[in-house]
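Notebook open, model loaded. I went through a few spots one by one and jotted down what I found.

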Amino acid sequence: MDDALVNRTIINVQVNQPKVLNQTIEAFRTAVINSTFLGFHQRGKWIIAKLTNDWILAFNLGMGGEIRLHPAHETPNQRRERVVFTLDTNEQLWVHFWWFGHVHVMLSSKLCEHPQLGNLGIEPLSSEFSLETLTSMLRGRRGRIKNYLLNQRFIAGIGNVYVQDILWLARLHPNRKANTLTAEDICRLHQAIQRGLRIGIINGPGPGEQDLIGVRGRWKKVPDFPFIAYRTGEACPTCGVAIEEIRIGSATSYVCSHCQT
């Protein structure tokens with residue numbers, strides 16, 4: 001996004017789904033039209049775009065979706081594309097997601113007051129996320145380890161897709177209680193969180209998704225990605241036992257009953 005969008009100016013905005021905004025359509029348009037993209041970074045599951053005039057655009061694709069760059073001659077499907085930005089190059093930025101996505105605008109000074117962004121936990125790929133930090137975070141916790149990993153106020157950015165392989169890499173069952181983890185367990189978990197997320201980044205978009213320029217990810221197109229997620233009945237890469245699909249709360253988990261305890 002830095003390569004494709006920095007120094008591009010938004011000259012028009014079409015909002016097809018007002019519910020994804022945190023402002024009225026009029027206020028949103030006033031904030032972003034004639035603003036220029038200065039840079040992008042990630043916070044948890046959010047993409048943060050810094051604009052001129054001290055504005056911030058924050059994108060969250062919810063349960064899955066895409067932000068795609070399209071040429072001027074293409075016409076967006078108004079029922080599918082939630083928000084469409086027209087740039088000064090006449091290119092278009094289409095924002096699409098399936099459920100629960102957001103396109104929010106705010107002043108940079110108000111970022112810490114945002115109800116979701118202002119309450120995110122530690123970044124798992126940051127230098128601050130050390131083994132000692134994770135050990136301290138888990139001290140005294142009695143709930144399921146999977147629940148803590150998915151809690152965005154605890155650790156920002158892990159969802160139900162990548163948590164599957166993370167727990168498998170750590171050899172931990174998703175139902176395992178956090179207060180039963182040994183020092184060795186926590187060390188494996190710390191390594192698994194970072195390895196699992198980095199593998200996901202390398203392999204690109206998830207199933208059915210494309211990146212900014214339309215490149216699809218490697219999801220299930222290579223033998224070892226993902227390791228066990230969404231591979232019900234297939235052999236565990238380590239021991240060969242069939243991967244099981246179980247329900248934990250309202251979410252599905254994929255587990256090797258032999259490797260994960």
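I started with Pro-205, which sits in the loop between α6 (183-203) and β9 (244-248); helices (H or I, at least four residues) and strands (E, at least two) are DSSP runs, numbered from the N terminus. The model is predicted, so local features need pLDDT of at least 70 and side-chain atom pairs count only at pLDDT 80 or more, while totals for chains, interfaces and linings use all residues. Residues are numbered from 1 along each chain as its sequence is written, and side-chain values use heavy atoms, with hydrogens and water left out.

Buried or exposed? Pro-205 counts as buried because its relative accessibility is 18% (buried is under 20% relative accessible area, exposed over 50%, partly exposed in between; 1.4 Å probe, protein chains only). Leaving aside neighbours within four places in sequence, I found Pro-205 in contact (heavy atoms within 4.5 Å) with residues including Val-215, Arg-218 and Trp-219.

I read an open one of four strands, in the order β2-β3-β4-β8, with antiparallel pairing (two strands pair if DSSP finds at least two bridges between them). β2 (37-43) and β8 (102-107) are at the edges with a single partner strand each, so one side of each has no neighbour in the sheet. Six bridges join β4 (residues 55-60) to β8, and Phe-59 is opposite Val-103 in β8.

Last stop: Asp-165, in helix α5 (residues 162-170). Not counting residues up to four places away in sequence, Asp-165 touches Pro-226, Phe-227, Ile-228 and Ala-229.
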